[in-house]
Structure formats: C-alpha cells, structure tokens
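Thank you for making time this morning.

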Amino acid sequence: MAKPILVLKFGTASITTTDGELDELVIEEIALQVASIHKEYNLVIVSSGAVAAGKKFLKNYGGTLNEKKAAASVGNPLLLNTYAKYFSPHGIAIAQSLCERHHFSNRDQFLQLKKTYEELWASNIIPIANENDVVSNLELKFSDNDELATLIAVGFGASQVLFSTSVPGVLDGNGKVIPELDTTDKKILLLANKEKSASGLGGMTSKLNFARLANQMGIRVVIFGIRTDNGIIKALEGSTGTLCLPQKSDLPARKKWLASGSLVRGRIQIDAGASKALKDRHSLLAVGIKKVLTGFENGEIIEILDEDNNAVAVAIAKIDSATLATNTKVKNLEVAHADNIVLL
C-alpha cells in the first residue's frame, strides 16, 4: 500500500530567532524528528524563511515588495542549504519546490507537480515547498504558506497537516491550549489573535481558516508549537497542540482539487431558488444569478455566494461574466454544470 501523505508547515516565526536569523537549532531538531517518521509517510515540508534569510544582505532593506523578492532570491538557497545540512546526516536528500498559484489552478500543471513529487518520494527524497516569491506577482500570490500547505494537502490527498507556530497551539482567553476544536463552527475564528507575526505573513486566523478547509476535505490538522519537546512526534500522537477534527469526505480527487479554491477568479451571488438547486445537485443556471461580484472568463474557478453573502460552493464557469451579464433572463443557460460544482 502507498504510504500516507503528511504535510508539515513551518512558518518564518517558527524557524527564525528573535533577531530574524534562521534558527539552526530548530531546523536541526526538525530534521531529527522528521528522520524518525520518514519511513512511515510520504512527506512534504512547506517552509517559509527565505526572505528572512536573505534580507540582511540587502542595503537599507525596507520591506517593499521588490526588496522582498530580492531577499527571497538570496535567501532561498541559504534556506535549502540549511535544511540539507541537517537532513544529510540522516541519509535524507531534500528537493526544492518553488510554487506559484497557476501550478494549482491549472489541473494539468497540478498533476505534473504531483507526478514530480511522486518521483521524489519513490527515491525517499523530501520536497521542500515555498512560494516562488522572486517572480510571483502581487495579485496571484498565495495569502501565505498556510494556504500553500493546504492546497498541497487537499490536492494530493494528504491524511494530515501539521501547522507549526511560535505558540503551543490555539489558546483560549486564559492563555491555555485548547486541545480539540470542531472547525465546522465558524466561531472558532474568534479565538485567534488578529495580529500577524512580525516576521511572517500569516497568523492564527490564517491557520484556523485553512484548517477548516482541510477538515472539510477529511484531513486531520494539528496546530502545535515547534519549540515543544518532540513537538512533531507529539502532534502526530495527538498529545500536544490543538487537534482540528476532520469531517467525513467522499469527494473524488478532482472535486477535492476544485473545492480547495485553488485560484478563485470570480464571484457571483445567487438567489434562494438557485441555492436550493445546488443543494439538490443541479447545475447553476443564469436565471438564478442575482449579481456578478467579480468578473471571470469561461473555464475559470468562481466562488458562489448565497443571498446572505455566505460562500456555498465553488465551480468551473461554463461562460464568461460578460456573457452572463447580458443573458441573465435566458432560460436553461448553464453558468456551471453540476459535475463542476462543489458545495462548501
């Protein structure tokens, strides 16, 4: 049987010191723990830290977008070399995987990425994924590496995602770790401190949002503190951090890929009748559209909102928004076929 897929995500704050330098003691410990589970899983490490590793080499670094791109171009090899340095004594080779959003939005490109990872796993090599900051433009950037880790996990059919943080897990109002969360309750987002870390893009709100998506796709998620002794091992055992409970999901791989919202380019609002039709597994027709919120082209992924502005589905558009806008009263005009709609 194929080994289960495990995605490990390490944010900038997790693997850097308070001075913003790469924390080699943490990376050494990551390598030690990962080596102990390497034979049990097909592993993907999603690691931030390239900008942090490279920014000290730039004169008068101020954090602009172009400066971040330049810092990433310096920092990427430094980050990978540091991982290689500590994985090598365990006999484990690593590979670099710089990702952009179109690698996930285009199904063919995504499958090519998956096949590449499968080749790496066949040789016991661990891919280390990060956004390709050097060339990613602002509009198409991942929101953060929590999103990248989730897209990989959902698209590849991972069994688990571990989000490391600089705190021991999701904390309650008294600062104590909440051991278990049901992410079907949107109120869990109120648990998150809205501040982002000083060094990274994400925060606890991001992790909880993407934990909800992964859970919807049947993936177990643990949010844990990287500086907990044997934190990775304990997170797998369920003895540290916050466990976000997976839901049952029988969606085929293609629909899981679609449900990940890999690159939502348009948004539409539908009426109550169309909402019911979607729940009954029917196609989305033009007559049920109340408003086009964001334009889109034929074949692009759209998010579908109900009358209360709740996201209820994602779909592959069968027509473009300009055609839709001039044909809303045309009977039986399909905006999205039932086979290309996934309820959220």
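Let me begin with R267, which is partly exposed at a relative accessible area of 32%, where buried means under 20% relative accessible area, exposed over 50%, and partly exposed in between, with a 1.4 Å probe and protein chains only. This is a predicted model, in which local features need pLDDT of at least 70 and side-chain atom pairs count only at pLDDT 80 or more, while totals for chains, interfaces and linings use all residues. Residues are numbered from 1 along each chain as its sequence is written, and side-chain values use heavy atoms, with hydrogens and water left out.

R267 forms a salt bridge with E303, their closest N and O atoms being 2.5 Å apart; the term means a side-chain nitrogen of Lys or Arg within 4 Å of a carboxyl oxygen of Asp or Glu. The pair links distant parts of the chain, with R267 in strand β9 and E303 in strand β12, 36 residues apart, strands being DSSP runs of E of at least two residues and helices runs of H or I of at least four, numbered from the N terminus. E303 counts as buried, at 17% relative accessibility.

Turning to another pair, the side chains of K9 and D146 meet in a salt bridge at 2.9 Å, N to O, and here strand β1, which holds K9, is linked to helix α7, which holds D146, across 137 residues. K9 is buried at 5% relative accessibility, and D146 is buried at 1%.

In total, the structure holds 9 salt bridges.
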